[in-house]
Each structure stands twice: as C-alpha cells, then as structure tokens.
Amino acid sequence: MATIKKSKKKIVIPICIILVLAIVASSVAVVAKKNSGEEVSINTIATGDIYEKVSLTGEVSSGTRKEYKVGTVATVKEVFVSVGDEVKKGDTLVSFDVTQLNSQVASMQASYDSAKKSYNDAVANQKIAKKKAAAIKKQIKETKKTISKLEKIVEPTTKATTVRTTTAATTTAHQTTTKKDIVSSILASTTTTAPTTTTTTQPDTSPKYTVSLSTYPSSVYGSVSGAGRYPVTNSTVTIKAVANPGYEFLGWYKSRASFLNNESPVSNLSVWEAPLTGDISYIAVFTESSDPNNTTAPTASVTDIVNTLKTLNENIASITKDVQTMTTLIQLVATSISGAVASGQLSSEYIAKLVGDEVSQAIKEGIVDSTKLIVDSGVAVDMIQAAVASIDYQALAKGIADSNNAQLTSAQLQLASLNVQYELYKAESDDSIVDANRTAMNSTKKALDILKQQQQEMSNGWKADFDGVITSLDVTPGADTSMISTGLVLENLNKLVVNVSLGEYDVHKVKVGMNCKVTTAYGEYDGIVATIAPTATGGSSGSILDSVGSMAGISGLSSLTDSGAGVECTIEVLEPDDNIIAGFDADVEIQTGEFLGVTVVPIESIVLEKTGSYVYLYNEEESTVTKTQIKTGAISDSSYQVIEGIKPGDRIVATPSTDFEDDTFKVKVVESKGNKK
C-alpha cells in the first residue's frame, strides 16, 4: 500500500491560528478584568467583644514550699526528720551549734562599726575641709597683698652678697622677725603636706626602696637630686650632684665618716646610675674650687637657704607617707634647728645630735608613731641626723642676717604652701569621698543583716513554717554546713501552683486575681493568679557581698541570697486532683482583659507591615478600595480592636491579597457575606 506524505506546511498553519486566537482571548480577558475591577469580598465593620489572654507554660509545684539554706559557719547538732515525714507547723526540724557563726557576726559587726565611723568621719572632714578651704582662700588673698607690698620695698636687682647697709625697711623687719622665726617659717613652709584631716584615700602599698641623699659640708656648696621612693622592680636609680659656683664635686660616699676616714668614694660621677638592691643612702661631698681667682665666701643666699631646707624636708618625707607623722617630724626638726640657730649654736654636729635626741624622745613617748615609719625607728633617726648634719648653719645664719628679702621669700613660700593646701582641702570637700564611704557602709550593713538573720534562724533551729512533707534532706549530724547547698525542703502538696515567668510585655497585662485555665496531659483546671514578683530577677548582689565578707574574714555571703531570671508569677490551681502532679509541665491561659462593645476587625482583614497595620476601605460610589492605616488595641484569637482609622459601618476587603500593587484601585464585589454588593 502506498504511503501518503502530509505537508508540514499544512500542519503549521492551523497551530498558528490557534495561538493567535488564544492570545486574542487572553487580551480580551485582561482588558475586561481591568475595566470591571479586581474581584474582592467585602465585610462591614461592626462592634463586638474581645477577650484578651496571655499563654504561658510552667512547672507544677507545691503551693507552699520553703528551702531551708545554710551558710558556711555552723555545725549540725541534731536532725529530727527524714524525707517523706509529715510535720506540723512549729515542729523543730534541725538544730545547730552556732559558735562559729556568733564569732563571725561579731567580726562583721566590727567591720560595720568601722565603716560607719569612716562614713561619719568623711562627712565631718568634708565640712571641715569646706571651712578650711574658705579660710585658706582668704589667707591666699592676704598673702598676695603682703607679697605685693614687699616687692615694692625690696629692689629686684639687690644681690645678697653685696648688701651691707640695713635700710629702714629691713631694720624694721629685723626688729619683728628673728633668725629663729625665719628659719622655722621657711622650714615649715617648704613642705606641701599641710592637711591633717583624715582622708579615705588608700596609700600606695606596693614594695619600694628608699633613696636618701645629702650634701657635705652643706648645701651651700652644691645640691643633689634623685632622693625618694622607688619600686623594687627598678634595678638602678639616677642620682645627680651639682656644685654651686666656686665649688666642685668630689664624689659620692656612703657616709660622712667614710669621707673623713679617707675611704674611696663609691663613685666620682656627678650623674650616677646607682645600683638599687635595697634602701640606699649616699652623701655628695663638695669642696672649694681649685681656681685661685675664686674668692666666694661660704655665705648662703635666700635661694640657698630655701633649697637647703627643702632638701631637709624631702629627706624627712622619704621615711614616712603618713601626713600626721611627717608634719610632727618636720615641726620637731624645725623647732630644734631654729632654737639652736637663735642661741648661736651653729655647729652641724651639735644641731644634728640635738635633733636626733628630740626625735628619739618623741618616738619613745609616742608623739611620733613608729608604726607609721617606712624604715626602722633607729634608721629613721640616723637618716634625719645625717640630713641635719649636712647643713652649714654658719653660712645659713649669715645668709639670713645679711639678706633683706628673707621676708619676701618666706611670704612667697607661704603662698605656694597655701595654694597646695587649698587644692587638697578642695578635693576633700568633694562628694565622691563621702559617697564611697556611704556605699561601703551600706554594703557592710546589708552583709551584717544577712548574717544576723542566719544567726537568729540557726540559733533557734529550723522549724516548720507550715504543715507539710519533707521532700528533700541534705543534712547529717556533725556535718559542717559549708558542704551543704540546700539543706532541707518542706512542701505542702495539698495545694498546687504553676510557676511561670512573665515576659517584658506580658507582665504589664497580668494582675493578681485574674482567672486562668491550667491544662495538663490529663485535664483542664481552673486557676487564679496568686503572686507576681515586684521586680525581674536575673542579677545577683553576690559580688559586692562577698567583697564585704572578705574584708571581715567571712566567705560565701552571696550564697545566702536568692537569684533567678524573669518576673516570677505563681498560678494557684483551684481544685487539683490526683491527675495533676508536681514536677510536670502545664499550659496556662490568663484572661487579661474583656473589651466589650468595641470596634473589631477580623485578623484576616488586616495587612501587617513594618510601617503599621492596614485595611482596604471600600468606596461604594466609585467602586474602589483604598489602603488605609489603622491603630489597633486588644487582640483575641480571631479579632483586633480598632482604635483609630475606621468605624462601625465602614466596609473593607474581607481578605486582601498580598498581590495588590496600587494603594487605590477599582474592584468588583463578588461576595458580600450578607452585605450589599
């Protein structure tokens, strides 16, 4: 049989015709839809009721439960119960030996008393500091006036070495100011440790070595620098000796005796990196210059006097960091030196021995507290004597007698000292010191109260606070309570609750007394909100309490406080039965509000966006809908309360599509759900 071939051309033509017809039909449908509008269902807004609720999950537990916890300071004497025992309110459960606890309470009481005294002292010192700062401010003003007057009397270009004639002004000054007064005044004013009120600033207690330096025969010949206190981690210290005009540096010696005995110096370098392996003391020895043209006489200028006495004060300050001790020593030395100079006793050896005897006697009588000295009291006396002996008092006395600007220099030094005092008193009057002491006092009081509470409970022994059953016991006779975390748990299993944690937003909705539904695997129960914690618990005051306890020699105070997380809420199960068991989970629904007769919108009619909540409002006259923002309130499983944006009687799209592109467009109502199309 012959095969007949069909033309491909004849097949293609019908297919093309079909495609064209399909495209035309689709276009007509699109145009028709656009002209007639988007097909939507419409709902009419009405009023209704919304019952708002909060859903939570928690653990069922006994309605009344107490954990009996212990500290770290007692010994268990007797245990009167076992797990499973039923007890009555008031029954003694455990007794303790509280001897150690009593001792620690006494220790903490002493710490609190000390902290309270420090706070009261800080308050008192602040008041004193404010008054003294105001008084010193006035002294500064008066001293500035005095300096201004003296500057007009004393010629700025006058040189101490050329003044021979006493003017009327200086004659008057010498009549009112003796050598003793000037030496004592300058010696006292060169120290910057004026404040004597107690402060709470903690001293630097890191290990340090003391470096003591002095000059021989006196500071008229030259000066030294580098004395002070240095960390023990330093291996060397730079000390420097500078000869005054007309003199030259011979070397560093361990003592004046080693120089007089013709021993070799430890170094001939004027700037020397001295090894620092412990406390060190060196004397810089100077001599008159070998230059035959130099005829300078060993007479001290006012600058020399000031520098000499400053160096002496620095040496005294190097043996103590206690302000009161330093002030007492400087006053003793100043009185001894000024008295000797005024009486004509100008021998360095004599004055050094006189000062040493005075300081030794003051230490012996307790006028100077030897416990406040950095070095041994005997070493301190030797260091002061060496520093005093290095001064050429003949040159110093001659300088004072010949200088007509001693009063001016003394006034300038006094002004500098007053400025330092003012700044220190001003700092003491700041609230930060008082605040720090108040915080320390309150923290110590809290720790003391916790210990006293434990002392009271454990002295009386643990007693049952209510009728119940012992559900946990971790206490044995003779045991140290430091090994116990939770000693005993008492529960009333006839009353059950569900413990839930309220979130940040739910906590503002839930109130005590609200009705609940409690659902377990075996049934549903009525419930009521019994308690809500006043604060969210998630932190712990343990760190500060343990710090306070450490100061009093007590550890583990933070273990006596509770810590947790969230806002704790208990739901009481009103009629529990045997099917609801403590320890299992339960779902809770809390009815948080009834909103009756409010404007409501079905959840499916609302479009939620980042910018807010929206509905599509229907305009019947124009057959259009417009995207409209609303403000919502309460919410139930099916509806939102609408506060603003629409009102009862308005018509909206029942289930708006997420494909809507325009905010306003034509629609065709295809389903009205009982309302007009």
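**Entry 1: an open sheet**

I started with a sheet of 4 strands; it is open, its order is β8-β6-β12-β10, and the pairing is mixed. Next I looked up what stands at the edges: these are β8 (228–231) and β10 (247–253), and each has a single partner strand, so one side of each has no neighbour in the sheet. I also noted the twist, which averages 25° from one strand to the next. A reminder to myself that this is a predicted model.

Strand β6 (residues 208–216) runs antiparallel to β8, and 4 bridges join the two. For one bridge I wrote down the residues: threonine 210 has arginine 229 in β8 as its partner.

**Entry 2: around β21**

I moved on to strand β21, residues 612–619. Is this strand mostly covered or mostly open? I found it mostly covered, with 6 of its 8 residues buried.

I checked what β21 pairs with. On one hand there is strand β20 (residues 607–609), paired with β21 in the antiparallel sense over 3 bridges. Valine 607 has tyrosine 614 in β21 as its bridge partner.

**Entry 3: charged pairs**

I turned to the salt bridges. Side chains of opposite charge can pair when their charged atoms come close. With a cut-off of 4 Å between a side-chain nitrogen of Lys or Arg and a carboxyl oxygen of Asp or Glu, I get a count of 15 salt bridges. I looked up a few.

My pick to begin with was lysine 53 with glutamate 589, where the closest N and O atoms are 3.2 Å apart. This pair links distant parts of the chain: lysine 53 sits in strand β2 (residues 46–69) and glutamate 589 in strand β19 (residues 585–602), 536 residues apart. I checked how open each one is. Lysine 53 has a relative accessible area of 27%, so I put it down as partly exposed. Glutamate 589 is at 30% relative accessibility, so it counts as partly exposed too.

Next came arginine 65 and glutamate 67, whose side chains meet in a salt bridge at 2.9 Å, N to O. Arginine 65 is partly exposed, with 44% relative accessible area, and glutamate 67 is partly exposed at 32%. I then saw that the pair belongs to a network of salt bridges linking Arg65, Glu67 and Glu491.

**Entry 4**

To finish, I looked at lysine 117 and aspartate 121. Their side chains meet in a salt bridge of 2.8 Å, N to O. Where do they lie? Both are in helix α2 (residues 99–153), 4 residues apart, which is about one turn of the helix. Lysine 117 is at 52% relative accessibility, so it counts as exposed; the cut-off for exposed is over 50%. Aspartate 121, at 28%, counts as partly exposed.

How values were computed: Residues are numbered from 1 along each chain as its sequence is written. This is a predicted model: local features need pLDDT of at least 70, side-chain atom pairs count only at pLDDT 80 or more; totals for chains, interfaces and linings use all residues. Side-chain values use heavy atoms; hydrogens and water are left out. Buried means under 20% relative accessible area, exposed over 50%, partly exposed in between (1.4 Å probe, protein chains only). Two strands pair if DSSP finds at least two bridges between them. Axes are lines fitted to C-alpha atoms, for helices over the stretch in contact, and angles run from 0 to 180 degrees between N-to-C directions.
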